[in-house]
Amino acid sequence: MAFYLSLSSSSSAAATSCCCAPPSSLYSRLNPLFFPQRRRNFTSTLSGLRRRRRSKTKFYTVAAAVSAENAGVFTSPETAKSFDFANEERIYKWWESQGYFKPSFDRGSDPFVVPMPPPNVTGSLHMGHAMFVTLEDIMVRYHRMKGRPTLWLPGTDHAGIATQLVVERMLASEGIQRVDLGREEFAKRIWDWKEKYGGTITNQIKRLGASCDWTRERFTLDAELSRAVVEAFVRLHEKGLIYQGSYLVNWSPNLQTAVSDLEVEYSQEPGALYYIKYRVAGGSRDDYLTIATTRPETLFGDTAVAVNPEDERYSKYIGKMAIVPLTFGRHVPIISDKYVEKDFGTGVLKISPGHDHNDYLLARKLGLPILNVMNKDATLNEVAGLYCGLDRFEARKKLWSDLEETGLAVKKEAYNLRVPRSQRGGEIVEPLISKQWFVTMEPLAEKALKAVEKGELTIMPERFEKIYKHWLSNIKDWCISRQLWWGHRIPVWYIVGKDSEEEYIVARNGEEALEKAQEKYGKHVKIYQDPDVLDTWFSSGLWPFSTLGWPDVSAEDFKRFYPTSILETGHDILFFWVARMVMMGIEFTGTVPFTNVYLHGLIRDSQGRKMSKTLGNVIDPLDTIQEYGTDALRFTLALGTPGQDLNLSVERLASNKAFTNKLWNAGKFILQNLPSKSDLSSWEALSIYKFDTVESLLKLPLAERWVVSKLHILIDTVTSSYDKYFFGDVGRELYDFFWADFADWYIEASKARLYHSESQSRASVAQSVLLYVFGNILKMLHPFMPFVTEELWQALPSREEALMASAWPLTSLPRHVESIKQFENLQALTRSIRNIRAEYSVEPAKRISASIVASSEVIEYISREKEVLALLCRLDLQNMIFTDSAPGNANQSVHIVASEGLEAYLPLADMVDISSEVERLSKRLVKMQAEYDGLMARLTSPSFVEKAPEHIVRGVQEKAREAEEKLTLTRNQLAFLESSVLVSK
C-alpha cells in the first residue's frame, strides 16, 4: 500500500500520489508478513461492524514484493499485546544485514558525516555513552531519511593509561610484573586482552540502536591510523613545533608516567597547614620569617623565600638570606614579588620551583635555580639528605616531628586542600621536573581561534564558544610523551653513545631512521628508539581524518566524506579532544575537521547529584533497557537541553515506556480497522483521498481537516527543529501531537466514522487519514525511537522494507487554519460537557440530551460533526438540538458557555435525580460547613496564631480558603437545583 507522502520513499511525485492504491495493483507492493487476513467489510450493517470490532485478526503471507529475509524478525500489534523489548536485537541485526547503515548515494550527493567519539577499548557502557549514542543516532537517522548519504564512523580508542592499568592488574593477580615480561611480551598480552574483551563496548553500543557503518570500524592502533600518527609527529617536528626538554609536568608516581594538565582532577580534601620558622641569616634569634605551607617535605627544594613588596612587615628583610630548616644551613635569598598574597597564611611564601607549577613559572621569570627533591616513585632523593628514600607522606610526618624537636615548628592547623589526582590512576599527582616531548601550541591555537571567529566552526550551545576561546587564548605547550608500553611509540631514534637531547633522528620507521643515521654518522652507527609513547589524545586529535584515510588525501573516503559535518560529544572534553581536533585538522588538512560542534551535558540522578558507586545512584543503561526498553531510554535522554546536565529519574523512564505502549496500541487500533483483503470497494474508496493540495484538504470532514492540518504544521516545525539540532523541542512537539491530538482526539473521533456511520465513504476517509497521519508520526519519531517505530511500520501495509530507509515527510504541505479553529471550538464544547457530567457524577454509559446554541455559521460545521460530538460526550444523538436561541427548558438545564458564540444547555433531569441530588448536597453542605467552622476557629484563636509555626498557620489559612470556595460552589449548585425543583413543580 503506497501511503500518500509519508509512507513512500520513492520520488516526490510518487510521494504525493493517492493515499491508497487500488487492490489490483496494490498487493504486489504490500508487506508480505503483516497484512491482515480479515479486515472489516464496510458494506455490512452497523451491527456487523460492531461485532467484527471485537474479533481477532489473522495474518497471511503475500508471495511477492519485498524479500522474505525479514521473516520472523517483526511482530505485529494485531498479535502482540505490547512491544516486546526482546525484538530489539533481532531488528538491529536485520537492519545491519540489509546494509542500511552504509552511506547510500541513491537519493543525494551531499554527505552527512559524524565521527563517533571513540570510547575506551576498556570501557563498559554507562549513561554518558548512552547519551552520545542517542543524540548522534538521532542525527544520522534523520539525515539518512532526508536522502543524504550518511556515514556515522565508529571506533574505539586504545586508551593508553587505562588499558595498561587493566592488564597490569590482571597480571598482578597472577603474581606477574610487566617488567618481568619485557616490553614486547607485555604488549602481546595487551593485544590478547583486547581481542578477547575489546569488543564489549562495541556490542553494548549496538544494543542502543547505533546505526553506524560497522564495516568502517576503526581502532586507534590500527596500522592505517598508526601511520597517520607518525606522519603527524614528523610533520610537526619538521615545522619546529615539536621539541624535547626538561620541564615541570604532572607526574603519576604509581603509573610512572607524565599526565596531561587536563587529566588531573582536583578535589577538596581535609589536610593541614604547617607553620615553620625560616631564620634570617646574620640576624638575632628573633629575626625569622614564618612560612605557612601544606607540603613541608618540599622545603628541601626551596630556592627562595618571597614576600609582597608592599608588605611593610617584611620590607626590612628583602635582599637578605633565609636559612632553610633541616638543611644544615643552606641559604636562599629573600625576594619580593607581587605574586605573593599578603593575606594568605603569614604573607611569606617558600619558592619550590621543582614541585609547584606557580613557583616554577616565578622561578623561570626571575632566573631562580630549580631543585628536584623527589624520585619518580615519589620517594625523596639525595637532595633531601637524611630523608632520602622516604615516601613523600612519610617524610612529611618525620619532618614535622623533627621541626617540633628543633623549635622550628610554629603550629599545625586543619585546612581544606585542593588535591590534584590522576583521572586514571586516582593517586595524588606530583609536580616533577622531567624530560618530555612537547608540542608548541600557540601557532596551532591561533588558527583554531580564527575558525570560530570567521564562522567556519559553530559551537552549540553558543556560550561554550567563550570557554573555547578563553582556553585557546591562554594555552600552554602540550606534553605529548607518556612513560608507558601501550600506545604509539614516539618516532624518535637516538644514537648510541651520543647525548640524547641533542643527537636524535625523527623518522617514519626504523629503516628510515637507520638510513638517516648512517648518512650522518657512518654505516656502523647503532640506534635505539625512544621508549616513550604518545599521549592517547594525540592520536584522538587526528580521528576525524585519520579514520578516512589521511595522510592519503586521494583515498576515496577522504575525498567523499571529509570534512565531516558535526562532532557531538560531552562539554567536559571540549579541551581534551574537540579543540585539539580543530587544531590538528586545520594544520594537516587546511580546513576544520567538522563545521559544527554539539555539546551535551552530564547525566545526573533525579536529585541532580553526579552518579557514583559511592552514592549508590548509578543507573546502568543495560538494566534500564531490559526494564523500560531502548526507545524509552533514548527518548528520555534526548529531551535534554544542549550543554546542560540532565537529571535522570525512573519516573521519566516509566512515563516514556507508557508512551511506547500508547504508540503500540494506536497501531493496533488502526490495523484492526482496515478493510479486509477481499473488500475491493473499500480499498477503491481509500484510494481517492489526497492531502497535498488545498482543494483535496477542503474535501475532508472537519475532524480530518483539523488533524491533517495540524500534522502538516507539525512536519514543518519538527523538521526545522531537527535541522537546528533542537532535539528536546522535537521530542516534546511529537509527544504532544501524538498523545494530545492524535490519540486523545482524532482516534476517538474516528470511531464515529468506523462504528457509528452507515456510510462507507465516512469510514474510508477515517481509515485513510489514520494511516496517513500515523505513518508520518512513525517517520518523525523514528530517529528517537527506532525499534518500536520500525516494528509498527513493518506491520502497516507499506511498500518499503524499512522505515529507516524511507523518505522524510515533505514540508510546506497545505493546512487550513480556519478548520483548526473550528475543531478547537468543538473540543472546547466537548470539554465543557464532560466537566459538567463529572461535576454531576453522571454515569459514564448514560447518554444525555443537549441543546447546542450558536450562530448559523457555527451550527453549520458543528452539526456536521454531531456523531463525533455524541460519541465524545456520550450524548443522545436523537435528542441533540442545534439552534440559535436558548431552549424552552433552559431554566431546568445546566448552561455552558464553551467559547465565544458557542453555548450548550444540558437538561438536569437527564443527568441526575434532582430531589435525590438536593438531599445529597444538603448533607454534604452541613459537613463542609462544620469543617470550615473548625478551621476558622483555629485561625481566630490567638494562642494558635501566635504560638504555632508560621508554615502551619499558612497551611490552615490555605485550607480555609479552599473550604470557603467549595462551600460557595456547593451552595450555588444547591440553590440552582432547588430552583429547578420549584420550577418543575
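Are Phe-545 and Trp-550 buried or exposed? Both of them are buried, where buried means under 20% relative accessible area, exposed means over 50%, and partly exposed is in between (1.4 Å probe, protein chains only). Before going further, keep in mind that this is a predicted model, in which local features need pLDDT of at least 70, side-chain atom pairs count only at pLDDT 80 or more, and totals for chains, interfaces and linings use all residues. Residues are numbered from 1 along each chain as its sequence is written, and side-chain values use heavy atoms, with hydrogens and water left out.

Let's start with the whole chain. A compact globule of 985 residues would have a radius of gyration near 30 Å, whereas this protein chain comes in at 38 Å; the radius is taken over C-alpha atoms, and the globule rule is 2.2 Å times the number of residues to the power 0.38. Along the principal axes, the C-alpha atoms fill a box of roughly 120 × 85 × 55 Å. Even so, 55% of the 985 residues count as buried. Take the contacts (heavy atoms within 4.5 Å) between residues at least 6 apart in sequence: 77% of them join residues at least 24 apart.

As for secondary structure, the protein chain has 35 helices and 31 strands. These are DSSP runs numbered from the N terminus, with helices (H or I) of at least four residues and strands (E) of at least two. Helix H19 (residues 574-589) has 14 of its 16 residues buried, so it is largely enclosed by the rest of the structure. Just after H19 comes Gly-590, with a positive phi of about 80°.

Now back to the rings. Rings of Phe, Tyr and Trp (its six-membered ring) pair if their centres lie within 6.5 Å; planes under 30 degrees apart count as stacked, over 60 as edge-to-face, and the rest as tilted. That rule gives 51 aromatic pairs. In one of them, Phe-545 and Trp-550 have ring centres 5.3 Å apart and planes at 90°, so the pair is edge-to-face. Phe-545 also pairs with Tyr-562, with centres 5.9 Å apart and planes at 75°, so this is edge-to-face too. Here the partners come from distant parts of the chain, 17 residues apart: Phe-545 sits in helix H17 (residues 543-546), and Tyr-562 in the loop between helix H18 (556-561) and strand E24 (564-570). Tyr-562 is buried, as is Phe-545.

Tyr-562 has a backbone story as well: its peptide bond to Pro-563 is cis, with omega near 0°. Pro-563 lies in the loop between H18 and E24. Another cis bond runs from Met-460 to Pro-461, with omega near -5°, and Pro-461 is in the loop between strand E17 (458-460) and helix H14 (463-473).

Gln-256 is not a glycine, yet has a positive phi of about 60°. This residue is in the loop between strand E7 (242-252) and strand E8 (257-259), and at 29% relative accessibility it counts as partly exposed. Ala-378, also not a glycine, has a positive phi of about 70°. Ala-378 lies in the loop between helix H11 (357-366) and helix H12 (392-406), and counts as buried at 3% relative accessibility.
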